[in-house]
Amino acid sequence: MKLSLKVNGRTLEAHIEPRTLLADFLRDHLRLTGTHIGCDTAQCGACTVHLDGRAVKACNLLALQAEGCEVTTIEGITPEGALHPMQAAFRDHHGLQCGYCTPGMIMSALDLVAREPAPSRERIREALEGNLCRCTGYQNIVSAVEAGARALAAKG
């Protein structure tokens with residue numbers, strides 16, 4: 001089937017199998033491998049991307065459900081070679097260890113701060129409930145999201 005959508009600001013058309021998941025389309029067809037697949041059941045959040053500005057789990061959506069929509073992946077949040085303020089905050093506050101969950105965490109965090117520019121630590125924890133990390137104790141992730149939110153607010 002034919003799929004038309006915008007990915008990271010670029011309008012695309014592709015012919016895909018109707019059963020193709022959005023995560024597989026992004027990774028296998030577009031080679032946007034920052035969208036990780038951790039569980040295939042929408043439990044871990046490693047595959048989180050933005051669909052029309054809202055965080056969604058790409059392993060739980062058919063690519064055809066994104067028809068006519070705008071998808072933003074971790075690769076699309078900033079120009080190549082630069083770090084987004086939220087990415088820099090994760091680096092600076094040690095909000096990652098192995099890094100596998102980090103793209104999904106960042107995409108969920110960006111969705112949160114777009115709606116709540118100065119979220120409390122409790123709100124950050126609530127917003128990240130659908131994103132699992134097997135390496136950290138979450139303290140540094142919450143601190144990173146706080147710092148990222150502050151950096152984005154200062155940027156204007």
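**View 1. Helices H2 and H3 of the predicted model cross at roughly 125 degrees.** Helix H2 covers residues 85–92 and helix H3 covers residues 102–115. Their axes come within 10 Å. The crossing of the two helices is right-handed.

**View 2. Residues in the contact of H2 with H3.** From H2, the contact is made by Met86, Gln87 and Phe90. From H3, Thr102, Met105, Ile106, Ala109, Leu110 and Val113 take part. Sorted by class, seven residues of this contact are nonpolar and two are polar.

**View 3. Cys59 and Cys47, without a disulfide.** The structure as a whole holds zero disulfides. For Cys59, the nearest cysteine sulfur is that of Cys47, 3.7 Å away. A disulfide requires a pair of cysteine sulfur atoms within 2.5 Å, and therefore Cys59 is in no disulfide. Cys59 has a relative accessible area of 6%. Buried means under 20%, so Cys59 is buried.

**View 4. Cys69, a buried cysteine in no disulfide.** The nearest cysteine sulfur to that of Cys69 belongs to Cys47 and lies 16 Å away. Cys69 is in no disulfide. The relative accessibility of Cys69 is 15%, and because the cut-off for buried is under 20%, Cys69 counts as buried.

Technical notes:
Residues are numbered from 1 along each chain as its sequence is written. This is a predicted model: local features need pLDDT of at least 70, side-chain atom pairs count only at pLDDT 80 or more; totals for chains, interfaces and linings use all residues. Side-chain values use heavy atoms; hydrogens and water are left out. Buried means under 20% relative accessible area, exposed over 50%, partly exposed in between (1.4 Å probe, protein chains only). Axes are lines fitted to C-alpha atoms, for helices over the stretch in contact, and angles run from 0 to 180 degrees between N-to-C directions. Helices (H or I, at least four residues) and strands (E, at least two) are DSSP runs, numbered from the N terminus. A crossing is left-handed if the near helix is turned anticlockwise from the far one by less than a right angle, and right-handed if clockwise. Contact means heavy atoms within 4.5 Å. Ala, Val, Leu, Ile, Met, Phe, Trp, Tyr, Cys and Pro count as nonpolar, Asp, Glu, Lys and Arg as charged, and the others, Gly among them, as polar.
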